[in-house]
Amino acid sequence: MRPIGSKYLLEEPLGRGATGTVWRARQRETAGAEAAVAGQPGETVAIKVLKEELANDPDIVMRFLRERSVLLRLTHPNIVRTRDLVVEGDVLALVMDLVEGPDLHRYIRESGPLTPVAAALLTAQIADALAASHADGVVHRDLKPANVLLAEQNGQMHPMLTDFGIARLADSPGLTRTHEFVGTPAYVAPESAEGRPQTSAVDIYGAGILLYELVTGRLPFAGGTALEVLHRHLSEEPRRPRPCPARCGRS
């Protein structure tokens, strides 16, 4: 275990991604008034420690501090809650609720596609979370199954959207950075691929890609390179999956 900030201890890594590493961690003392959740000593949390190159970017550090209130107030039953932020030397981290369960990417790889009804119900919950975040002025910008955690509630899967703060923080205030591509090629909207401003519409597009994958078990656009995938988003229409589930494509 190693300390991070004055109030938390990192215990073990849970996963690594493009922007940082998520750790299982433990709270060692009550958080201060600046935190959204004070928590109790011994409580288990998840902490995402951002990569060093992000933590060393002055623009991102300033945005991290400036956006504190936005990130901490973003709450919804289908959004993983951000409890606290840590800024310590060259370390930037988000303290979040710990969700025990697989991410949606792992789930569909291991269990296969969902039925159309199950996929629609799950996507509707994600869409409701997006609507709440958009109303608060927050665009996710990297919606994909790996950013949807599955908690079990009353024997059913409960999707929890995570990594909201990361794309927002990585979008620094400078004009050259504001329109820079942020996201994952397989799920990216055409305007993101072209470097145009990314509005809430990019999340809606990502939700459509996610729904397609949930029903079919595969992506509508694939390719050998990221550039090839981006080009297909810009120039092609997705093929209707065959075989198609009953009533697929009908109202």
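These are my notebook entries on what I looked up in this predicted model.

**Ground rules.** I number residues from 1 along each chain as its sequence is written, and side-chain values use heavy atoms, with hydrogens and water left out. Local features need pLDDT of at least 70 and side-chain atom pairs count only at pLDDT 80 or more, while totals for chains, interfaces and linings use all residues.

**Overview.** I get 10 helices and 8 strands for the protein; these are DSSP runs numbered from the N terminus, helices being H or I with at least four residues and strands E with at least two. Of the 251 residues, 45% count as buried (under 20% relative accessible area, with exposed over 50% and partly exposed in between, 1.4 Å probe, protein chains only). Contacts (heavy atoms within 4.5 Å) came next: among those with a separation of 6 or more, 59% are between residues 24 or more positions apart.

**Cores.** I looked for nonpolar cores, meaning sets of buried Ala, Val, Leu, Ile, Met, Phe, Trp, Tyr and Cys joined through side-chain atoms within 4.5 Å. The largest has 21 residues, and Leu-104, Leu-122, Ile-126, Leu-130, Leu-161, Phe-164 and Leu-214 touch the most other members. At least two residues each come from α4 (104-111), α5 (116-135), β7 (148-153) and α9 (201-216). Helix α5 gives the largest share, 5 residues. A second, separate core of 16 residues has Leu-54, Met-96, Ala-151 and Met-160 among its members. Back to Leu-130: leaving aside neighbours within four places in sequence, I find Leu-130 in contact with His-140, Leu-143, Leu-161, Phe-164, Asp-203 and Ala-207.

**Arg-83.** Buried or exposed? Arg-83 counts as buried because its relative accessibility is 4%. I place Arg-83 in strand β5 (residues 82-88). Beyond four places in sequence, its contacts include Gln-27, Glu-43, Leu-72, Met-96 and Asp-97.

**Pro-159.** This one sits in strand β8 (residues 156-161) and is buried, at 1% relative accessible area. Not counting residues up to four places away, Pro-159 touches Asn-78, Leu-122, Gln-125, Ile-126, Val-148, Leu-149 and Leu-150. I also checked Val-80: 79 residues from Pro-159 in sequence, but 9.4 Å away in space, C-alpha to C-alpha.

**Asn-147.** I find Asn-147 in the loop between α5 and β7, buried with a relative accessible area of 6%. What does its side chain reach? The answer is the backbone oxygen of Asp-142, at 2.8 Å. That is a polar contact: a pair of N or O atoms within 3.5 Å, where within protein one must be able to donate a hydrogen and the other to accept it, and residues adjacent in sequence count only if both atoms are side-chain atoms. Asp-163 is 16 residues from Asn-147 along the chain, with 6.5 Å between the C-alpha atoms.

**Helix α2.** In α2 (residues 58-66) I list Ile-60, Arg-63 and Phe-64 as the buried residues. They fall within an arc of 105 degrees seen down the axis, so they line one face of the helix; the arc is that of the directions from the helix axis to the C-beta atoms. At the start of α2, a side-chain oxygen of Asp-57 comes to within 2.9 Å of the backbone nitrogen of Asp-59.

**Rings.** I noted Arg-2 over the face of Trp-23, at 5.5 Å from the ring centre (the rule asks for NZ of Lys or CZ of Arg within 6 Å of the ring centre and within 35 degrees of the ring normal).
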